[in-house]
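These are my notebook entries on a structure that is new to me. I wrote them in the order in which I looked things up.

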Amino acid sequence: MFDIIKKFAVQSVTLKEARENVEEMSLAKEMGIYIILFLILYVVLVVVWTMFGYILGPDIANSFISLFSFALIPILIYIYVTKIEKRSWRSVGFSKGNAISSTLMGASIGFLMFLAVVAIGFALGQFTFRGFDFSQAIYLLPFLIGFTIQSFGEEICTRGWTLTYFSKRHSLLIAILVSNIIFILPHALNVGFDMMSVVNIFLVGTLFAVMFLRFDNVWICGGAHTAWNFSQGAIFGFSVSGNPTPSLLKFEQVGQNIVTGGTFGPESGLIATAVIIAALALMVYYKR
């Protein structure tokens, strides 16, 4: 499998541009620089969350503000990549001419993946349907925008910047591993986070990395990530990484936590594990 993934990387214009005019640097030094930059980025986000939480109240801050604050990530990364690293915005995965088509393709993949999770869980009696709540429809558009900002922010940070940052001087395996670790860490403080959360976030991070390399852009990753989160929360009514949201449909987990995901949401259960692995296999081996 990894040999095929490396072939995707060899053909990637994104990685080619990221590796131009690169000076030699040890992994330890590069990790040190990255950790400092990541902490600065994280502190800025925490300050914004705290400030708006104080002004607007914690309930609003924990929903919309926390999602919309992710808009800071592409801004800060753009400044660093173009002004400090002196490389192109294309080297982060922002290809031209296919933004809409790639985003929609990714959104289709993300929605179908989570729909499969719900269908399997319902068929196995692990999820139960409690009905509709059309009064929550007013929240769909705001949360769609919020999840889009949050998901693209995470993908730009992990796949667009982190993966390309470490692939400049080190192996593709190291780049994917580090980007997955960075993807996992912010979730560690969420309600219901456990070892299954680690496994599934790592697997879906690997899936997004393969998508990033195979389709050579960050648009498709952002679209898939957005659709997964939006479907999980605002459509089907599950917690998204431990965070509840208003939803149009009302599904509940009634099975064991290790299967359904518990309070963290279905993305932390064995059903999601199976779906993610199947999607990863298709992404690697499907020829078209």
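Predicted model: local features only at pLDDT ≥ 70, side-chain atom pairs only at ≥ 80, totals over all residues.

Entry on aromatic pairs. With that term in hand I looked up Tyr 80 and Trp 161, and found that Tyr 80 is buried and that Trp 161 is buried as well. I then searched the whole structure for aromatic pairs, and the search returned 20 of them. One of these is formed by Tyr 78 and Trp 89, an edge-to-face pair with 5.0 Å from centre to centre and 85 degrees between the planes. I noted that this pair links distant parts of the chain, since Tyr 78 sits in helix α5, residues 72–84, while Trp 89 sits in the loop between α5 and α6, eleven residues apart. Tyr 78 has 40% relative accessibility and therefore counts as partly exposed, and Trp 89, at 22%, counts as partly exposed too.

I went on to the pair of Tyr 80 and Trp 161, which is edge-to-face, with 5.9 Å centre to centre and 70 degrees between the planes.

Entry on Trp 161. I asked myself which residues Trp 161 is in contact with, once its neighbours within four places in sequence are left aside. I found Tyr 34, Leu 37, Ile 77, Tyr 80, Val 81, Glu 85, Arg 87, Val 92 and Ile 156.

Entry on nonpolar cores. Trp 161 came up again when I looked at the largest nonpolar core, which has 64 residues, and in which Val 117, Trp 161, Leu 163, Leu 207, Met 211 and Leu 213 touch the most other members. Helix α9, residues 195–215, gives this core its largest share, namely ten residues. I also found another core lying apart from it, made of six residues that include Phe 143, Phe 147, Phe 230 and Ala 234.

Entry on other rings. I listed one aromatic cluster, which is formed by Phe 114, Phe 122, Phe 127, Phe 129, Phe 132, Phe 134, Trp 228, Phe 236, Phe 238 and Phe 251. I noted separately that Arg 159 lies over the face of Phe 183, at 4.4 Å from the ring centre.

Entry on Ser 102. I located Ser 102 in helix α6.

Entry on the whole chain. I counted twelve helices and two strands in the protein chain, and from the N terminus on I wrote down their order as α-α-α-α-α-α-β-α-α-α-α-β-α-α. The radius of gyration is 19 Å, close to the 19 Å that the globule rule gives for 288 residues, so I recorded the chain as being as compact as a globular protein of that length. Of these 288 residues, 50% count as buried. Among contacts between residues at least 6 apart in sequence, I found that 78% join residues at least 24 apart.

Conventions. Residues numbered from 1 in each chain as written. Heavy atoms only, no water. Phe/Tyr/Trp six-rings, centres within 6.5 Å; stacked < 30°, edge-to-face > 60°. Helix = DSSP H or I, 4+ residues; strand = E, 2+ residues; numbered from the N terminus. Buried < 20%, exposed > 50% of the residue type's maximum accessible area, 1.4 Å probe, protein only. Lys NZ or Arg CZ within 6 Å of the ring centre and 35° of its normal. Rg over C-alpha atoms; globule rule 2.2 N^0.38 Å. Contact = heavy atoms within 4.5 Å. Core = buried A, V, L, I, M, F, W, Y, C linked by side-chain atoms within 4.5 Å.
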